[in-house]
Amino acid sequence: SWEADRVALLSPDLLAGFLTKVLDEGLVVAGVIVEPTSSVPFSFSPADPFPQSQFAPYSDTEYRWNTNGSGFNMQNFDFPIVILDEDSAKLAAQNAHRNEEDDWAFPRYAVELDYRMNAEGDSAKCLSEATCLPLGGHSVWSAMPRLPEEATSSLPTVLVVARLDTASLFHERALGADAPMSGLLLLLAAADALHRMGLHTREPGSTSGGQIVFATFAGEDWGYIGSRKFLSDLAAGDDSVKGLSKKDISAIIELGQVGLGHIDPDSTPTLYVHTQKGQTTTDELVDQLQVGASVVDVAISAASSETPGIPPSSLMALLDDADVDASTCAVITEFDLAYTNPNYHSWLDGPEMLNTTAIAAAATAVARMLFTRVTTETAPEVAQTEVEELVQQLRTCFLTKDPGMTCDLVKSLMTPRTAEADHYIGVI
């Protein structure tokens with residue numbers, strides 16, 4: 001029989017069923033400990049079937065973008081749930097077996113689950129006293145070519161967007177390799193490819209087709225706070241967005257889940273272009289991307305018309321602004337009708353979810369499309385092996401423990417304070 005003071009030690013494949021039983025049957029438990037590697041399930045996604053559906057720019061909020069989503073991330077469990085490292089898991093399993101063999105007779109092995117709290121007291125106390133620190137982070141943007149020091153005339157701006165962090169049931173295991181880090185890798189590789197094409201050497205304001213602004217947003221899984229703050233700063237003319245104007249944004253292209261790690265290795269990877277219903281953006285952007293992809297092994301297709309519109313994305317928050325024209329906005333993903341990543345917002349969304357060769361091919365396609373769009377010229381060739389090498393380096397730096405952020409690429413730019421990158425939102 002189960003007693004309320006017991007902590008459950010579970011293999012990963014039993015976690016979803018156990019938590020469902022807690023919610024549906026009212027099972028009382030003191031805590032849950034998860035072993036990290038034994039009996040790993042094929043799919044586990046604690047996010048909602050439609051993540052952050054309240055921001056959807058359409059009425060069909062019951063659509064299941066994340067078909068494996070259980071919604072555990074947003075449930076209120078009144079007990080701690082932790083995942084152990086491998087050594088701790090072995091010790092916990094040994095002690096649990098000893099308890100069972102001894103028929104729970106005293107003395108027996110016990111566990112204490114004690115979380116660090118970065119505030120006085122606990123979360124209930126800091127919420128009631130309004131002393132909790134707000135969620136937040138540092139969103140980053142950059143322009144290519146560089147912006148004029150003094151704006152003498154407006155220049156159409158193509159805003160290229162990706163996310164910086166993710167959410168997870170286990171904060172310390174929030175890798176988010178496919179969602180969202182693959183989009184960030186693609187953005188950085190595309191920016192580097194444009195640099196290799198020489199776009200950065202163009203004089204500010206000299207590109208007849210417009211300007212490219214790369215933006216990476218923090219905290220998007222918590223109410224799209226990064227992109228909404230970006231819009232707020234633009235509207236207020238804040239110094240953090242000096243040189244940018246909301247009225248000059250002529251197009252927004254978001255790079256979403258593009259890891260392509262689960263495709264058939266013998267098939268050509270495909271990227272899908274999602275737009276709002278009834279918009280004419282799709283055909284034009286697909287044509288431009290197909291031209292960009294003509295020199296690499298990646299296919300481009302318009303997303304199915306059977307979806308209600310754009311998938312969950314920063315673009316949902318950006319489109320909430322009346323000045324943003326939905327007809328020039330799109331989200332590029334690896335999926336068509338629904339997520340192909342079975343482990344969205346799970347610790348199982350690791351580096352193996354990334355096909356670095358396919359991401360590099362997509363980066364070249366996006367870079368070539370952007371170059372032609374802002375210069376009205378044919379994009380020069382870049383060495384694809386160099387693009388692939390950069391994506392592999394970024395994967396190693398952002399998504400591994402060793403060398404992690406102590407990799408040569410990062411050390412050439414900064415002095416890293418820690419080896420393992422933290423992909424979970426912080427506080428301000």
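How much space lies in the second largest pocket? The answer is about 1500 Å³, where a volume is the space filled by probe spheres set on grid points joined across faces, edges and corners. A pocket here is an open set of points on a 1 Å grid over the protein atoms alone, where a 1.4 Å probe fits, with protein on both sides within 12 Å along at least five of seven lines; lining residues have an atom within 4 Å of a point. The model is predicted, with local features needing pLDDT of at least 70 and side-chain atom pairs pLDDT 80 or more, while totals for chains, interfaces and linings use all residues. Residues are numbered from 1 along each chain as its sequence is written, and side-chain values use heavy atoms, leaving out hydrogens and water.

Of the 44 lining residues, Leu164, Leu184, Phe398, Met405 and Met414 are closest to the pocket's centre. By class, the lining has 27 nonpolar (Ala, Val, Leu, Ile, Met, Phe, Trp, Tyr, Cys, Pro), six charged (Asp, Glu, Lys, Arg) and 11 polar residues (the others, Gly among them). Helix H4 gives the most to this lining, with seven residues; helices are DSSP runs of H or I, at least four residues, numbered from the N terminus.

H4 (residues 177-196) also pairs up with helix H8 (residues 356-375): their axes come within 8 Å and cross at roughly 50 degrees. Axes are lines fitted to C-alpha atoms over the stretch in contact, and angles run from 0 to 180 degrees between N-to-C directions. In H4, Ser182 and Leu186 are among the residues that meet H8, with contact meaning heavy atoms within 4.5 Å.

Notes
Helix = DSSP H or I, 4+ residues; strand = E, 2+ residues; numbered from the N terminus.
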